Amino acid sequence: MDPPGASRARASADLLSELPDCILEDVLSRVTSRQACRTSVLSRRWRHVWRAVPARCIDMDQSEFVSASTRTTTATGRPDALPSHRRGRAYGKSRCALQDEWSRFTDFADHVTSSTHASPLDAFRLRVTTLDTAHRWVRRGLARRLAAFTLLCDGGVADSAEPPEFSFAHYHRDAASRRCASPG
Amino acid sequence: MAAPESGDGNNGAARMVTLISSDNTRFEVEAAAASLSQTLQLTILDGGGGGGDGIPLPNVDSATLSKVLEYCIKHAPAAANGGAPNATAVDRAELERFDNEFVNIDQSVLYSLIMAAHNLEIEGLQSLVAKKVADMIKGKSPMEIRRTLGFPDPTPEEQAEMNAHMLEYGWAYE
């Protein structure tokens, strides 16, 4: 029933899961925070690994919270320059869906940035459609001696043809790369 | 990193060192290549690894070590130039091509490599492999990740725990 090579792949996953936390954290710091979080359902081993990632790297992209249905709505209308929480008024039909998405994103961003970590951040990347609420997350990020900061504020719809309405801010400090302590 | 010309008594031929894998295979490489490992660099600067001695690496088997050294040998010239400010675009493109090919390997080999890179503190190699593994996760749902990485099916008990977890973290899953 298993496709050929399945048992081999199975062994690989076990090998991956056997790697020390700091290596898995290194891997997860290279995907967005939401994706890192989603690995927590892979197995018991992975349940808590992602939690350490926002201590060193935060990468939040609002467009990840846009579902296919609302994306179609905004794409068929004018590519929207309104902040998404106000956008609901312009598109009455999808108002609830948009507000849902927005609150899911803010919940997520609050959770990730309000973690008890006060450690310096290697990277903080934030992509949003509006700066209204983003100030709060940016302030929390900046309080943590960032090595690199990227803020992108645009239409928020990933495949929007509109150029970004807001320019791109990027800050980089020469960071001696920090290594995790070797186990044992 | 010691520049090749800094000449601590190694005029002419490049200084060689010997590394010994966990399964007792001896590898002779240029000191400059082995020095990409922060761990080995100190030993080598102290004059270790030369002559008949060799540096034992009890955590790295020969298959993994030969792969690690392939990377080090390829990257040593650029590293010796201190990040290669004078490297040409062609050189850089060639290294990039090499890197892409290099990580196009079995998952189990990738995991041995990242572990070895971690133990030997070869930063470039560790981030190359970490990036490759991250790419296998990127843009995938948990189910797709399971399939790609070959996770065993969860036990009913595990599944129940995960369902509870997904309720708690609903915002991450839509």
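Student: How much area is buried between domain 1 of chain B and domain 2 of chain B?

Tutor: About 480 Å², with carbon and sulfur atoms giving 50% of that. Buried area here is the accessible area (1.4 Å probe) that two parts lose on being put together, summed over both. In domain 1 of chain B, M136(B), I137(B) and K138(B) lose the most area to domain 2 of chain B, together 73% of what that side buries.

Student: What should I know about the model and numbering?

Tutor: It is a predicted model, where local features need pLDDT of at least 70 and side-chain atom pairs count only at pLDDT 80 or more, while totals for chains, interfaces and linings use all residues. Residues are numbered from 1 along each chain as its sequence is written, chains are lettered from A and ligands numbered from 1 in the order in which they are written, and side-chain values use heavy atoms, with hydrogens and water left out.

Student: OK, where do the two domains of chain B run?

Tutor: Domain 1 covers 16-81 + 88-138 and domain 2 covers 139-174; the bounds come from an automatic or database domain assignment. Their C-alpha centres lie 34 Å apart.

Student: How many residues are in contact there?

Tutor: Six residues of domain 1 of chain B are in contact with five residues of domain 2 of chain B, contact meaning heavy atoms within 4.5 Å.

Student: Switching to the chains: how much do chain B and chain A bury between them?

Tutor: About 3,900 Å², 61% of it on carbon and sulfur atoms. The contact takes 38 residues from chain B and 44 residues from chain A.

Student: Which residues form the salt bridge there?

Tutor: E157(B) and R44(A), with the closest N and O atoms 3.7 Å apart. The count between chain B and chain A is one salt bridge, alongside five residue pairs in polar contact (both at pLDDT 80 or more).

Student: Which elements of chain B supply that side?

Tutor: α5, α6, α7 (142-149) and α8 (156-168) of chain B each supply at least two residues. Helices (H or I, at least four residues) and strands (E, at least two) are DSSP runs, numbered from the N terminus. α6(B) gives the most to the side that touches chain A, with eight residues.

Student: Last topic, the sheet. What's the strand order in chain B?

Tutor: β2-β1-β3, an open sheet of three strands with mixed pairing. Two strands pair if DSSP finds at least two bridges between them. The edge strands are β2 (26-30) and β3 (55-56) of chain B, each pairing on one side only.

Student: Which way do the pairs run, parallel or antiparallel?

Tutor: Strand β1 (residues 16-20) of chain B runs parallel to β3(B), joined by two bridges, and L19(B) has I55(B) as its bridge partner. β1(B) and β2(B) are antiparallel, with five bridges, and V17(B) stands opposite V29(B).

Student: What about N24(B) in the hairpin?

Tutor: N24(B) takes a positive phi near 65° in the hairpin of β1(B) and β2(B), which has five residues between the strands.

Note on methods. Salt bridge = Lys/Arg side-chain N within 4 Å of Asp/Glu carboxyl O. Polar contact = N/O pair within 3.5 Å; in protein donor to acceptor, adjacent residues only side chain to side chain.
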